[in-house]
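This briefing is meant to be read alongside the sequence and the model. The points are grouped by topic, beginning with the annotated positions.

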Amino acid sequence: MSDELYMKRCLELAEMGSGQVSPNPLVGCVIVSGGKIIGEGYHQKYGQAHAEVNAIRSVTDQFGDKAAGLLKNAVAYVSLEPCSHFGKTPPCADLLIKHQLKKVVIGNRDPFPDVNGKGIEKLKNAGIEVVSGIMEKECSYLNRRFFTRIAQQRPYIILKWARTANGFFAPKNSVQQWISGPLAKKLVHKWRTEEDAILVGKQTAIADNPALSAREWPGKNPVRILIDRNLVVSADSQLYNNDAKTIIFNEQKTSVEENIHFIEMEDMQYYLPQKIAYQLYLMDIQSVIIEGGANILNQFISAGLWDEARVFNSSASWDTGIHSPQLNGKITSISEIDKDQLTIYENYNNQ
């Protein structure tokens, strides 16, 4: 089997940690000896064992006394450079050196300053052969959230909305009216389990009274974020229930009331997207879905502060309403979700 096939397996394993490891990266590890996979592992949960630890543990669990001999002749494939520093767990580079693996094949260098190149250097200094850059593009895409946070000091930003066939986003009155169908709704709930946070403005909170939970898909609820400058959204709103941590950006107060975190901002009428993005970065929120309303979405689009947009197109038409946001992005996929069409865009400027 080729290096690419083993690295592809690393990526499959890494993805299994989706929604569980933030703000850490997704990492998978495969250990090969004599042309056979003898161990696998991935980073399963933030603060717990890294991929390399779990992979080596799988070898020792399976082979017992024979494990040490097998590992000495083994090649470790890992989708991201092994860490070289003490964080929540000891350095993985040290673990690979301890077990005297003969070779380590790496997908990406880790851009985190405490690691970047230092893990590779440590392995080489211990006499271990290192090959890096295998399926580099695919590995960096898998960790686009982590790489965005490190490189740009902001979360990975996903815009999401639905529009009618004739381009309307929401009714002009404040009555909730669904555009997309039930299967699209279920998919949205799956997405919520995969990201750290979800954000809406006050108009959406008042009109729709959303819970912003992942109740239709197994997994964790995202952190809920409400933009409510003058705190006009009622405390009876579903956003104030105890289903998830909720952050309310406002101009009135900073306080913590059970799971509700009020964070005061100054001059929210200026550079709001930039202020929100940096505040979320400081809070270790690595990714956020922005669900509306149109005003908030348009502010992020105008600021160029978005990485991905997921837009449902319905076959239904309305006579009137609020026009859908417009964006100039690269279409990366179009798919049918029951009666709706889902178009995914990437921001040209973040390629």
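R192 has its place in helix α8 (residues 182–194), and in this predicted model R192 counts as buried, at 7% relative accessibility.

**Annotated binding site**

- In the UniProt record, an unreviewed entry, the annotation "binding site" covers R192, L212, R215 and E291.
- Leaving aside neighbours within four places in sequence, R192 is in contact with I198, L212, S213, A214, R215, K220, P222, I289 and E291.
- R215 lies in the loop between α9 (202–208) and β9, and, with neighbours within four places in sequence again left aside, R215 is in contact with K185, H189 and R192.

**Annotated active site**

- The unreviewed UniProt entry places its "active site" annotation on E52, a residue of helix α2 (residues 51–63).
- E52 counts as buried because its relative accessibility is 3%, under the 20% cut-off.
- Not counting residues up to four places away in sequence, E52 touches C29, V78, L80, P82, C92, L95 and L96.

**Nonpolar cores**

- The largest nonpolar core has 32 residues, of which L159, I225, I227, F249 and I276 touch the most other members; helix α11 (residues 294–302) gives the most to this core, with five residues.
- The contacts of L159, leaving aside its neighbours within four places in sequence, are I290, L297, F300, I301, W306, E308, A309, R310 and L327.
- As background, nonpolar side chains in soluble globular proteins tend to be buried together.

**Helix α5**

- Within helix α5 (residues 118–125), the residues G119, I120 and L123 are buried, and because they cover an arc of only 100° around the axis, they lie on the same side of α5.
- In an α-helix, residues three or four places apart point the same way, because there are 3.6 residues a turn.
- The buried residues of α5 pack against α4 (92–98), β4 (103–108) and β5 (129–132).
- After α5 comes G127, whose phi is positive, near 90°.

**Aromatic pairs and charges over rings**

- A search of the whole structure finds five aromatic pairs, including that of Y6 and Y77, whose ring centres are 4.8 Å apart and whose planes stand at 35°, so the pair is tilted.
- Because Y6 lies in helix α1 (residues 3–15) and Y77 in strand β3 (residues 75–80), this pair ties together parts that are 71 residues apart in sequence.
- Both partners are buried, Y6 at 3% relative accessibility and Y77 with a relative accessible area of 5%.
- The rings of Y240 and F262 have their centres 6.3 Å apart and their planes at 45°, so this pair is tilted as well.
- Y240 lies in the loop between β9 (223–227) and β10 (246–250), and F262 in strand β12 (residues 260–264), so the pair ties together parts that are 22 residues apart in sequence.
- Y240 is buried with a relative accessible area of 18%, and F262 is buried with one of 4%.
- K253 lies over the face of F262, at 4.0 Å from the ring centre, while R144 lies over the face of Y141, at 3.9 Å from the ring centre.

Conventions
Residues numbered from 1 in each chain as written. Predicted model: local features only at pLDDT ≥ 70, side-chain atom pairs only at ≥ 80, totals over all residues. Heavy atoms only, no water. Phe/Tyr/Trp six-rings, centres within 6.5 Å; stacked < 30°, edge-to-face > 60°. Helix = DSSP H or I, 4+ residues; strand = E, 2+ residues; numbered from the N terminus. Buried < 20%, exposed > 50% of the residue type's maximum accessible area, 1.4 Å probe, protein only. Lys NZ or Arg CZ within 6 Å of the ring centre and 35° of its normal. Core = buried A, V, L, I, M, F, W, Y, C linked by side-chain atoms within 4.5 Å. Contact = heavy atoms within 4.5 Å. Arc of directions from axis to C-beta. UniProt positions renumbered as here; feature names shortened; annotations may be inferred.
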